[in-house]
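Visitor: I'd like a quick walk through this one. Can we start with how the strands pair up?

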Amino acid sequence: MPSFLLLEAVCIFLFSRAPPSLPLQEVHVNRETIGKISAASKMMRCSAAMDVLFLLDGSYSVGKGSFERSKHFAITVCDTLDIKPETVRVGALQFSSVPYLEFPLDSFSTCQEVKAKIKRLVFKGGSTETGSALKYLLHEGFPGGRNASVPQILIVVTDGKSQGHVALLAKQLKERGITLFAVGVHFPRWEELQALASEPTEQHVLFAEQAEDAANGLFSALSGSAICTTPSPDCKVEPLPCTRRTLETIREHEGSAPCWRGSPSGNAVLAALCPVHSWRRVFHTHPATCHRTTCPGPCDSQPCGNGGTCVSEGLDKYHCICPPAFGGEARCAPKLSLECRIDVLFLLDSSAGATPEGFLRAKAFVKRFVQAVLSEDSRARVGVARFGRELVVAVPVGEYQDVPALVRSLDSIPFSGGPTLTGHALRQVAERGFGSTAGTGQDRPRRVVVLLAGARSQDEVAGAARYAKSRELLLLGVGSEAVRAELELLTGSPKHVLVHTDPQDLFGQIPTLQRKLCSRQQPGCQARSLDLVFMLDASASVGPEHFAQMQSFVRSCALQFDVNPDVTQIGLVVYGSRVQTVFGLDTHLTRAAVLRAMSQAPYLGGVGSAGTALLHIYDRVMTVQKGARPGVPKAVVVLTGGMGAEDAAIPAQKLRTNGVSVLAVGVGPVLREALRRLAGPRDSLLHVAAYGDLRYHQDALIEWLCREAKRPVSLCKPSPCMNEGSCVLQRGSYRCECRGGWGGPHCESRVLRGDAPKARGSRQVPAGRQRGPAGR
């Protein structure tokens, strides 16, 4: 092939595969309306009897990538169809050179089965013989369908580049009462799609690569009948202006260039002028009207005050993006307050590592905080200290009740420089930071130190933090990502650390700090149900003395819960040279019995494997057969010295997938990375410096457990069905579909051959009150 012809072919190939520079369909509405269209498409339901057949273009002109997006569109549509044998049936046919039936309408009876089959469809390739596929349907009808006894919906997903004429064939299908949607994919030819679609064509022509928008358009067209319904009576179908584009590659003559050709006579080569062409992508614009369903949004009433921006999260939820002083407050509330009785000492890093600029930002943070939260009737008292080499209490706690005077006093605090001796400062704060605060025990206000760290400490902080906590001081830390690890170490919990990413983000932490200052952890989780298993490292790496401290800690935690069969159940597993269930969830029915059994837990020694212990809990402890209650939140708390945790990440994830929360409590110089993998999300890990410090972390542990107790749960996780039975959710209950040879509510009983039809047990189970098949 001559070189210029080869170049021409390459250009055609490249331009044919180039993505468009503009969207091929654009609805001309604002971002908020686009969000409403997306939300409505997820909420609409089609539950009347109808047959829906997808006709998917699998030709080379569509390509494998767009074929996958066609499948995604089909799956999006199925999510809103009530697929059952007596209501909506779904089938699929792929066409290219020849039509190929992927599955008939009567193949599957659930949405999950249909979606799984669509996901497995394989792109076939070939020419675009749309007409052959339409002829197939004219001769064979809807495969597996109910003929004309129910509405028939044909959804053709194609690029509209058929090798033959399709308008007459489509007209014959529509004359039989079939509603035909033409859905464009890849770079569609809209004229052919309009020839395919039912009338009015503007409501039956869609674009598959914007799946949620296309699904909304499809359901909007059907909502005029009783087939599909909108989420609420306030929702409406409205015509919106939109633009559709077709991408064409145009060959243009650009002039001539010398070329050489052989002579017919002899071997002479003659010079001549040959034409030179170029190729250009051109978008042809088609103005149109797109009919979409929109519903009233939660932001329509402008619920966010003080300049806050409302962001919709579906049809009934929203969140506010608030100005810094109000960030995190519901609806950007106009005023924060410290209504609790509390003494707060702000400890500002004034060392050379913090820099003068960082020190000024810390002072500005304190000033904005007191202006936002203090009032004349506030019960809180505030003081400020700075440190470098030595601690200086610049504003004693409670000296100023007048906010303007307090702010003026902050302006006069100078920067000192020097080394960053955070540990030394904490010891001095514990001894003299709060002066001679009146009252003791319950009569004394809660005392909190808020450390604004600017640099890593140059001295030891863990021991100093323990000393401060022993003086009943609560430590909170505020700093950048660079000092996060040190702040977590000295405060004892990630929950007590506020991290900012930039100077402006620092001021956005004010509402969060206000909540932490006035929040007090209530004992236990009140009357919330919880299945809780403690898993203790009893290996030689921990030792008998430290194991005893673990026992004491879990007994102290158990005191916070109302142990009985209807509220909290507690189990205990230890691991070392082996894994042992000390007692299961349904073994002890009272708190006193649990506490006695915890004291008798054995120390095992040997080499422990946290992963093996978690699998033991998955298979033999956190199961309905062993007392776990369907519909009740479940949690496992792992206490470990870190050795043997390397294999625990996958078993822990297996538990989480099965609806069980996992918290890792690592003590001492643990293998932090292994524990991170075990813990999963960041808020599922507590790091404790020493076994003697476990008591300082009880509040954080109880807070985590109570939060997990509020999470929504599934009655089918863990599955209550034995012997490979399948759990099926119903309204507020579940039923077990048993395999052959098993029966009973939980597939727990062998059945005789004559009783086989009764093998599918069903049981109505109100959440939170169930007992397992083992019973009590």
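Guide: A definition to begin with: two strands pair if DSSP finds at least two bridges between them. Keep in mind that this is a predicted model.

Visitor: OK. In which sense do strand E3 and E6 pair, and over how many bridges?

Guide: E3, residues 50-57, runs parallel to E6, with 6 bridges between them. Within that pairing, Leu-56 sits opposite Val-157 of E6.

Visitor: And E6 with strand E7, over how many bridges?

Guide: That pairing is parallel too, over 7 bridges, and E7 covers residues 178-184. Gln-152 faces Ile-178 in E7. From E6 the chain passes through helix H6, residues 167-175, to reach E7. This β-α-β crossover is right-handed.

Visitor: Why is E6 described as largely enclosed by the rest of the structure?

Guide: Because 7 of the 7 residues in E6, residues 152-158, are buried. Buried here means under 20% relative accessible area.

Visitor: Which residues cover the two sides of E6?

Guide: One side has Gln-152, Leu-154, Val-156 and Thr-158, all buried. The other has Ile-153, Ile-155 and Val-157, also buried.

Visitor: New topic. Where is Leu-490 found?

Guide: In helix H14, residues 484-491.

Visitor: Is Leu-490 buried or exposed?

Guide: Buried. Its relative accessible area is 1%, so Leu-490 falls under the 20% cut-off.

Visitor: What does Leu-490 touch, leaving out residues up to four places away in sequence?

Guide: Leu-451, Val-461, Ala-465, Lys-469 and Leu-475. Take Ala-465: it is 25 residues from Leu-490 along the chain, yet their C-alpha atoms are separated by 5.2 Å.

Definitions and conventions
Residues are numbered from 1 along each chain as its sequence is written. This is a predicted model: local features need pLDDT of at least 70, side-chain atom pairs count only at pLDDT 80 or more; totals for chains, interfaces and linings use all residues. Side-chain values use heavy atoms; hydrogens and water are left out. Helices (H or I, at least four residues) and strands (E, at least two) are DSSP runs, numbered from the N terminus. Buried means under 20% relative accessible area, exposed over 50%, partly exposed in between (1.4 Å probe, protein chains only). Contact means heavy atoms within 4.5 Å. A crossover is right-handed if, with the strands pointing away from the viewer, the path from the first strand over the helix to the second runs clockwise.
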